[in-house]
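The following exercises ask the reader to inspect a protein structure step by step. Each task is followed by a worked solution.

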Amino acid sequence: MARRFPVQVLRDFEAAFGCVVLEGYGLSETSPVASFSRLDAPRKPGSIGTPIRGVRMRVVDDGGNEVPQGETGEILIRGHNVMKGYWQRPEATATAIRNGWLHTGDLGRVDQDGYFWIVGREKDMINRGGYKVFPREVEDVLYEHPAVADAAVIGLPNPDLGEEIGAAVVLTPGAATTAEELRDYVKRQVAAYKYPRKVWIVDALPKGPTGKILKREIVPPPEPGKR
């Protein structure tokens with residue numbers, strides 16, 4: 001999945017440089033673009049736009065059925081840009097490409113105008129007591145807070161719920177806030193089951209060579225009295 005681009009960052013960049021930022025989406029498997037926003041069409045900040053020429057995209061449920069407009073499912077892509085397969089990996093190719101459609105593993109939705117929106121990665125979804133929580137939705141709220149420079153929401157093991165929601169946050173230079181204030185900030189803006197019960201502030205988040213946050217390397221602080 002393309003690296004996320006918080007809407008507030010987009011707005012600030014456009015205001016500072018007097019330009020228009022067009023958002024798009026793609027994978028290495030799609031050579032690498034699948035959808036894009038256009039200058040000659042209405043823009044919707046946060047959307048990845050519409051499929052490029054010659055490309056089709058769908059949002060489906062676990063059974064491969066197209067979901068109703070506005071509902072969340074996996075994004076599938078079909079077109080001339082999709083790879084033929086992984087080199088010498090026939091099993092991986094058969095898993096990724098089924099009936100001519102590339103299964104991206106990215107979760108998204110499509111609105112009434114045909115614009116696509118990324119919700120998150122299927123493997124990153126948090127199951128909190130049977131409720132599905134997509135980290136990106138919570139991260140987007142955190143990024144709206146003026147003291148937040150970087151944020152990552154992850155699932156934490158919980159004996160009663162299966163998973164609990166946690167958030168690691170990097171503050172902007174000179175900012176002063178607390179983990180409790182950030183937690184309450186999110187709580188006021190999302191459903192009761194979605195806000196992070198545990199928030200901790202760190203100096204930096206682990207990132208790969210492309211700048212992508214490596215969530216698997218994030219280690220939450222121990223609970224009080226535990227090591």
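**Exercise 1: Charges over rings**

Arg58 lies over the face of Trp101, at 5.0 Å from the ring centre. The model is predicted, so local features need pLDDT of at least 70 and side-chain atom pairs count only at pLDDT 80 or more, while totals for chains, interfaces and linings use all residues. Residues are numbered from 1 along each chain as its sequence is written, and side-chain values use heavy atoms, with hydrogens and water left out.

Task. State which residue lies over the face of Tyr115, and at what distance from the ring centre.

Solution. Begin with the criterion: a charge sits over a ring if NZ of Lys or CZ of Arg is within 6 Å of the ring centre and within 35 degrees of the ring normal. Over the face of Tyr115 lies Lys44, at 4.7 Å from the ring centre.

**Exercise 2: Aromatic pairs**

Task. Determine how many aromatic pairs there are, and classify the pair Phe13 and Phe17.

Solution. Step 1: apply the rule. Rings of Phe, Tyr and Trp (its six-membered ring) pair if their centres lie within 6.5 Å; planes under 30 degrees apart count as stacked, over 60 as edge-to-face and the rest as tilted. The count by this rule is 2 aromatic pairs.

Step 1: classify. The ring centres of Phe13 and Phe17 are 4.6 Å apart and the planes stand at 35 degrees, so this pair is tilted.

Step 2: locate the residues. Helices (H or I, at least four residues) and strands (E, at least two) are DSSP runs, numbered from the N terminus. Phe13 and Phe17 are 4 residues apart in helix α1 (residues 7-17), which means that about one helical turn separates them.

Step 3: examine accessibility. Buried means under 20% relative accessible area, exposed over 50%, and partly exposed in between (1.4 Å probe, protein chains only). Phe13 counts as partly exposed because its relative accessibility is 38%, whereas Phe17, at 60%, counts as exposed.

Step 4: turn to the pair of Tyr131 and Tyr193. Their ring centres are 4.5 Å apart and their planes are at 25 degrees, so the pair is stacked. Tyr131 belongs to strand β10 (residues 131-133) and Tyr193 to the loop between α4 (179-187) and β13 (198-201), so the pair ties together parts that are 62 residues apart in sequence. Tyr131 is partly exposed at 47% relative accessibility, and Tyr193 is partly exposed at 25%.

**Exercise 3: The largest nonpolar core**

Task. Identify which residues of the largest nonpolar core touch the most other members.

Solution. Step 1: recall that a nonpolar core is a set of buried Ala, Val, Leu, Ile, Met, Phe, Trp, Tyr and Cys residues joined through side-chain atoms within 4.5 Å. The largest core has 30 residues, and Leu142, Val153, Val169, Leu182, Val186, Leu205 and Ile218 touch the most other members.

Step 1: name the contributing elements. Two or more residues each come from α3 (135-143), β11 (148-158), β12 (162-171), α4 and β13.

Step 2: examine one member. Contact means heavy atoms within 4.5 Å. With neighbours within four places in sequence left aside, the contacts of Val153 include Ile126, Pro135, Val138, Leu142 and Lys215.

Step 3: look beyond this core. Another core, of 16 residues, lies apart from it and has Val82, Met83, Ala96 and Leu102 among its members.

**Exercise 4: Packing of α3 and α4**

Task. Describe at what angle α3 and α4 pack and how far apart their axes are.

Solution. Step 1: define the geometry. Axes are lines fitted to C-alpha atoms, for helices over the stretch in contact, and angles run from 0 to 180 degrees between N-to-C directions. The angle between α3 and α4 is about 115 degrees, and their axes are 10 Å apart.

Step 1: list the residues that meet. Val138, Val141 and Leu142 in α3 meet Leu182, Tyr185 and Val186 in α4.

Step 2: In α3, 7 of the 9 residues are buried, including Pro135, Arg136 and Glu139.

**Exercise 5: Backbone features**

Task. Find which peptide bond is cis, and where Gln88 is found.

Solution. Step 1: the peptide bond from Ser31 to Pro32 is cis, with omega near -10 degrees. Pro32 is in the loop between β1 (24-25) and β2 (35-36).

Step 1: Gln88 is in the loop between β5 (73-79) and α2 (90-96). Its phi is near 55 degrees, a positive value in a residue other than glycine. Gln88 counts as exposed, at 64% relative accessibility.
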